[in-house]
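Me: Could you take a close look at one part of this model, namely how its strands pair, and then carry on to what lies around it? I'd like the cut-offs spelled out along the way.

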Amino acid sequence: MRTAASEPAQAGQRHDEQLISIRGATLAYPTASGDPVQALNPIDLDIRAEAFVSLVGPSGCGKSTLLKILAGLLHQSEGEVTLDGRPLTGPSPNVGVVFQQPVLLPWLTILNNVLLPIRVQKRNVDEYRQRAMDLLAMVGLEGFESRYPSELSGGMQQRVGIVRALVPDPQILLMDEPFGALDALTREQLNDDLQTIWAEQRKTVFFITHSIPEAVYLSDRVLVMSERPGRVIADFEVDIPRPRSLEDVSLPEFVELTGRIRRLLNAKGGID
Ligand SMILES: Nc1ncnc2c1ncn2[C@@H]1O[C@H](COP(=O)(O)OP(=O)(O)OP(=O)(O)O)[C@@H](O)[C@H]1O
Ligand SMILES: [Mg+2]
């Protein structure tokens with residue numbers, strides 16, 4: 001296996017056909033006391049179209065901050081962020097976001113929840129209804145279209161959150177610990193669902209997790225962030241053939257790579 005692992009040099013390496021490019025992006029949060037909180041040190045990162053890239057790092061290191069910049073919800077203090085060569089100026093219909101909690105509207109059916117972004121973006125709902133139904137079926141929610149969120153389990157609601165992000169057919173999917181609140185078994189199922197979605201829908205995925213095995217299992221690359229102010233300290237390539245199955249977690253290369261990432265994080269103060 002090629003684990004192009006290394007300390008800083010690999011981070012920000014250029015590949016062909018970059019979809020996301022981050023150059024020297026920093027983020028300082030203003031605070032009431034006047035002393036800004038430096039959340040991110042300069043980040044240089046390129047992500048090619050259709051890549052699955054995970055980000056791991058200690059709690060509070062700046063992972064969500066970086067994701068919010070890519071979502072257009074925060075603007076970097078310095079540096080430049082481009083999507084498909086164009087500077088990012090705010091939320092884009094081309095970028096779907098999935099957070100840890102799906103935050104569904106309780107008074108809307110599942111189908112209407114996943115069609116909500118279409119309504120908000122003032123697109124023609126009729127054109128997206130079939131896609132929404134197909135995506136719900138793809139994640140095992142066929143027959144639940146007319147139910148309400150309170151009638152679904154946590155794992156089912158998180159599937160709905162993923163489908164909602166996918167319905168507008170964004171090129172990029174940003175996921176911030178989407179499975180963090182779920183039990184291990186549901187999480188494994190959703191990892192498989194996500195692998196299928198990624199393979200069939202050809203999305204570019206930026207995925208934050210606290211689980212190193214989950215990151216390795218799903219990704220083409222696993223980025224490791226330092227403690228706050230976060231910077232990317234390593235960029236591991238995962239060369240395990242796809243589609244991957246749960247048995248792959250016992251492959252020597254899987255165990256070796258998760259061990260390397262874990263040792264790096266422990267050396268830098270741990271993942272949590
Ligand atoms: N709105 C804010 N104002 C001030 N400081 C903030 C704000 N949001 C986040 N921070 C600080 O910025 C740092 C990075 O936060 P961020 O949420 O990006 O971390 P994280 O890596 O996602 O952590 P976790 O793994 O716990 O989710 C933290 O120290 C946090 O306290
Ligand atoms: Mg976070």
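Reply: Let's begin with strand 4 (residues 78-83) and strand 5, which are joined by two bridges and run antiparallel. Helices (H or I, at least four residues) and strands (E, at least two) are DSSP runs, numbered from the N terminus, and two strands count as paired if DSSP finds at least two bridges between them. Before going further, please note that this is a predicted model, in which local features need pLDDT of at least 70 and side-chain atom pairs count only at pLDDT 80 or more, while totals for chains, interfaces and linings use all residues. Residues are numbered from 1 along each chain as its sequence is written, chains are lettered from A and ligands numbered from 1 in the order in which they are written, and side-chain values use heavy atoms, leaving out hydrogens and water.

Across this pairing, Thr-82 faces Pro-87 of strand 5. Both strands belong to an open sheet of four strands, ordered 2-1-4-5 and paired antiparallel. Strand 2 (37-48) and strand 5 (86-87) are its edges; each has a single partner strand, so one side of each has no neighbour in the sheet. Helix 1 (residues 63-70) packs on this sheet, in contact (heavy atoms within 4.5 Å) with strand 1 (18-29), strand 2 and strand 4. The direction of helix 1 makes about 125° with that of strand 1; axes are lines fitted to C-alpha atoms, for helices over the stretch in contact, and angles run from 0 to 180 degrees between N-to-C directions.

Helix 1 also leads us to the ligand: with three residues, this helix gives the most to the shell around ligand 1. That shell has 13 residues, of which Ser-59, Gly-60, Lys-63, Ser-64 and Thr-65 come nearest; a residue is near if one of its heavy atoms lies within 4 Å. Oxygen atoms of ligand 1 lie 2.7 Å from a backbone N or O atom of Gly-60, 3.5 Å from a side-chain N or O atom of Glu-177, and 3.2 Å from a polar side-chain atom of Arg-228. In all, the protein covers 65% of the 630 Å² of accessible area that ligand 1 has on its own, by the Shrake-Rupley method with a 1.4 Å probe.

Arg-228 comes up again in the backbone, where a cis peptide bond with omega of about -5° joins Arg-228 to Pro-229. Pro-229 sits in the loop between strand 9 (221-225) and strand 10. A cis bond also links Arg-242 to Pro-243, with omega near -5°, and Pro-243 is in the loop between strand 10 and helix 7 (252-267). Glu-50, in the loop from strand 2 to strand 3 (52-56), has a positive phi, near 75°. As background, most residues other than glycine have a negative phi, and most peptide bonds are trans.

Strand 6 runs parallel to strand 7 (residues 172-176), with four bridges between them; Val-98 has Met-175 of strand 7 as its bridge partner.

Conventions: Polar contact = N/O pair within 3.5 Å; in protein donor to acceptor, adjacent residues only side chain to side chain.
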